[in-house]
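Q: I am new to reading protein structures. Could you walk me through one, feature by feature?

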Amino acid sequence: MKKNYLLQDGGKITATCAAEFVTALREGSFFDSQGTDQEYMESFAARFKDYSGNDLRTDTPDNFLEDLIKYDYAKIEE
């Protein structure tokens, strides 16, 4: 089932799973859009830590997305 995610920066991603979310986030990024999804999660997490002080897990797309929701970077659109 597709879910719509609203991003803190005003963007919106529609995805059926966390891996699809990460791919869409990477492809729409100004940073690191040409690398792998894993490389993107790691570089995004480093920037996010610098910006917010919060650590994002990058071991799986599911954990990455869960942390983005936890720290209010992404919200599921109801």
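A: Happy to! Let us begin with charge: Lys and Arg count as positive and Asp and Glu as negative, while His and the chain ends are not counted. Counted that way, the protein has 9 positive and 16 negative side chains. The centres of the two sets lie 4 Å apart. Please keep in mind that this is a predicted model.

Q: How does the radius of gyration of the protein agree with that of a compact globule?

A: The idea is to compare the model with what a compact globule of its length would give. For 78 residues that radius of gyration would be near 12 Å, and the protein has 11 Å, which agrees.

Q: How many of the residues count as buried?

A: Buried means under 20% relative accessible area, and exposed means over 50%. Of the 78 residues, 31% count as buried. As for the surface, the accessible area comes to about 4900 Å², and 49% of it belongs to carbon and sulfur atoms.

Q: How should I read an aromatic pair?

A: A pair of aromatic rings is described by the distance of the centres and the angle of the planes. A search of the whole structure finds seven aromatic pairs. One of them joins F44 and F48, which are stacked, with 6.1 Å from centre to centre and 15° between the planes.

Q: Where do F44 and F48 lie?

A: Here is the helix rule to remember: an α-helix has 3.6 residues a turn, so residues three or four places apart point the same way. F44 and F48 both lie in helix α2, residues 37–52, and are four residues apart, about one turn of the helix.

Q: Is F48 buried or exposed?

A: F48 has a relative accessible area of 6%, so F48 is buried. F44, at 8%, is buried too. F48 has another partner as well: with Y73 it forms an edge-to-face pair, 6.2 Å centre to centre and 90° between the planes.

Q: Which parts of the chain does the pair of F48 and Y73 link?

A: This pair links distant parts of the chain, for F48 is in helix α2 and Y73 is in the loop between α3 (61–70) and β3 (74–76), 25 residues apart. Y73 is buried because its relative accessible area is 10%. Stepping back, ring pairs link Y40, F44, F48, F64, Y71 and Y73 into a cluster.

Q: Which residues are buried in α3?

A: In α3, the buried residues are N63, F64, L65, D67 and L68. They pack against β1 (3–7), α1 (18–27), α2 and β3. For a contrast, look at K70 in helix α3: its relative accessible area is 56%, so K70 is exposed.

Q: What is phi of D72?

A: Most residues other than glycine have a negative phi, and most peptide bonds are trans. D72 has a phi near 65°, a positive value in a residue other than glycine. You will find D72 in the loop between α3 and β3. With 45% relative accessibility, D72 counts as partly exposed.

Q: With which residues is Q8 in contact?

A: Leaving aside neighbours within four places in sequence, Q8 is in contact with Y51, D72 and Y73. Q8 sits in the loop between β1 and β2 (12–15). Q8 and Y73 are 65 residues apart in sequence, yet 4.9 Å apart in space, C-alpha to C-alpha. For the protein overall, residues 24 or more positions apart account for 31% of the contacts with a separation of 6 or more.

Key: Residues numbered from 1 in each chain as written. Predicted model: local features only at pLDDT ≥ 70, side-chain atom pairs only at ≥ 80, totals over all residues. Heavy atoms only, no water. Rg over C-alpha atoms; globule rule 2.2 N^0.38 Å. Buried < 20%, exposed > 50% of the residue type's maximum accessible area, 1.4 Å probe, protein only. Contact = heavy atoms within 4.5 Å. Areas by Shrake-Rupley, 256 points an atom, 1.4 Å probe, with all protein chains shown as cover. Charge placed at Lys NZ, Arg CZ, Asp CG, Glu CD. Phe/Tyr/Trp six-rings, centres within 6.5 Å; stacked < 30°, edge-to-face > 60°. Helix = DSSP H or I, 4+ residues; strand = E, 2+ residues; numbered from the N terminus.
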